[in-house]
Amino acid sequence: MVHLAKVPHESEVNELPEAIKKINLQLSNDDDNFTTSVYGSKFAAEDLPKHEMPECEMPKEIAYRMIKDELSLDGNPMLNLASFVTTYMEEEAEKLMAESFSKNFIDYEEYPQSADIQNRCVSMIGRLFNAPSDGEGAVGTSCVGSSEAIMLAVLAMKKRWKNKRAAAGKSTEHPNIIMSSAVQVCWEKATRYFEVDEKLVYCTPDRFVIDPKETVDLVDENTIGICVILGTTYTGEYEDVKGVNDLLVERGLDVPIHVDAASGGFVAPFVVPDLEWDFRCEQVVSINVSGHKYGLVYPGVGWVLWRDAKFLPQELVFNINYLGADQSSFTLNFSKGASQVIGQYYQLIRLGKKGYRAIMSNLTRTADYLSSALEALGFVIMSKKSGEGLPLVAFRLPDPADPDAEREYDEFALAHKLRARGWVVPAYTMAPHTDNLKMLRVVVREDFTKNRCDALITDIRYCQQLLDQLDKESIKRQEEFIRKHAMNSGQAKHNHPRFRKEKHSIQGKHGKTHSIC
């Protein structure tokens, strides 16, 4: 997610206290740009430019080292259990991607092989999702990620609905889309940016996915489509695509389904291949999937596919001859690097179905092991096991009303304590209508081995024991200290005050936490 940043005023640029500004030391001031040591140069004793481009250059070795030192303050990606995003690729894949940094993927005339590699990926993923071979044929494209893919799918659904209504002489105002209240924030962006009304299917305290009947009951003449999620970001559960599809067919409703398979698209085909969620369901017209999640590619690459070219309105596709070759383009951006697409192709042919199946099976086993261990520690498990959902574990503390659940801390306090141990295990407030249910979530990625899983279990138990020894006031003070001084979000300065505490999103209205993807 990209943040809006504030351009600081001059008064905010220099934050040093006046007493420090007046200090004048008589030390060596040789006019050196670079000595034999990076840290012996004048640049090591100066502030790095932060607000304005410097007048003079600096040696490449120093620029590299200074920035590398800054980045060393980032967290360890391997301990970030909040994100689905890939943090490991083989050295050969990294080398291939690095060699393609300079390639502008959109320049088909100059880089025809890179373009062809995208077509191969679309074909492989389309077949993985059981795209039909009849009609005009399935089509698809690469995207920066699932957010762009979802934007394109919503645009296509809205345009098809609008064309159909206009042809029948009916109003094209107030289009709506039906989706879960637990959707990722990109769905809210799509509806707001493209002026589509939201019809939400709310979760309940014991159901964290959409109910097929409740979903189909919301359909009206202005419904452009239904979003069904293959692996919700909170609990990882697969929503019932076939259930929604069969109800639409039974009622004779010609409403398209878009499957948001951002996380589950590269998991379900290998772990539960008989699950019908893809183009085997006749009302499923489009699917998105993130290559940079369980597609095992560094960010950012996503894919969107339509079951037939007729579901992608022709007026949304631009035929351009900008860089010397005729090309059809349906994207929200133009220039982009070829590296991620090449990385995806490497993984598809390097691993094959057998390799993906082996990795996803291991992740599922590790998630089941962690789930059982946390259950033994007294946590309530909210996610599914045995491949019925994504390889993640969503869990919460027992209900405070439970007589055996005497404690002074909540899920957020435990998350903060784990953060002090180096782990990023996010705590969330669930979607609206779940009685403000709090939860924690651990995403099991490719590089999360059983050995590291055991280390996490040990630290969770250790943090619980520490919190059990503290009273309510001590926990409150400790949480405040961690929030202000140990958590980066508490020290963030990039958020412009004008855009804080918005009230138009589901989070702003109901307090739901937008979960990390």
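**Overall architecture and local features of the predicted model**

Buried residues account for 47% of the 517 residues in the protein. The structure is a predicted model, and 16 helices and 13 strands are assigned in it. Of the contacts in the protein with a separation of 6 or more, 71% are made by residues 24 or more positions apart.

In soluble globular proteins, nonpolar side chains tend to be buried together. In the present model, the largest nonpolar core comprises 97 residues, and the members that touch the most others are F129, V259, W277, W303, M360 and L456. Helix α11 (residues 339-376) provides the largest share of this core, with 14 residues. Another core, of 17 residues, lies apart from it and includes V154, W161, W187 and F194.

When neighbours within four places in sequence are left aside, W277 is in contact with F129, L230, V241, V259, A261, G265, A268, P269, V284 and I287. G243 belongs to helix α9 (residues 241-250). With a relative accessible area of 17%, G243 is buried, because the cut-off for burial is under 20%.

Helix α6 (residues 146-167) and helix α7 (residues 185-193) form a crossing pair, their axes coming within 9 Å at an angle of roughly 40 degrees. The two helices are therefore oblique to each other, and their crossing is right-handed. On the α6 side, the contacts involve S147, I150, M151 and V154, which meet C186, W187, K189, A190 and Y193 of α7.

Several backbone features were also identified. Most residues other than glycine have a negative phi, and most peptide bonds are trans. The bond joining P299 and G300 is a cis peptide bond, with omega about 0 degrees; G300 is located in the loop between β6 (284-290) and β7 (302-306). L296 is also placed in the loop between β6 and β7. Its phi is positive, near 70 degrees, in a residue other than glycine, and L296 counts as buried at 2% relative accessibility. A positive phi of about 60 degrees is likewise found at S386, which is not a glycine. S386 lies in the loop between β10 (380-381) and β11 (392-396). With a relative accessible area of 56%, S386 is exposed, whereas L296 is buried.

Key
Residues numbered from 1 in each chain as written. Predicted model: local features only at pLDDT ≥ 70, side-chain atom pairs only at ≥ 80, totals over all residues. Heavy atoms only, no water. Core = buried A, V, L, I, M, F, W, Y, C linked by side-chain atoms within 4.5 Å. Buried < 20%, exposed > 50% of the residue type's maximum accessible area, 1.4 Å probe, protein only. Helix = DSSP H or I, 4+ residues; strand = E, 2+ residues; numbered from the N terminus. Contact = heavy atoms within 4.5 Å. Axes fitted to C-alpha atoms, helices over the stretch in contact; angles between N-to-C directions. Parallel < 35°, antiparallel > 145°, perpendicular 65-115°, else oblique. Left-handed = near helix turned anticlockwise from the far one by under 90°.
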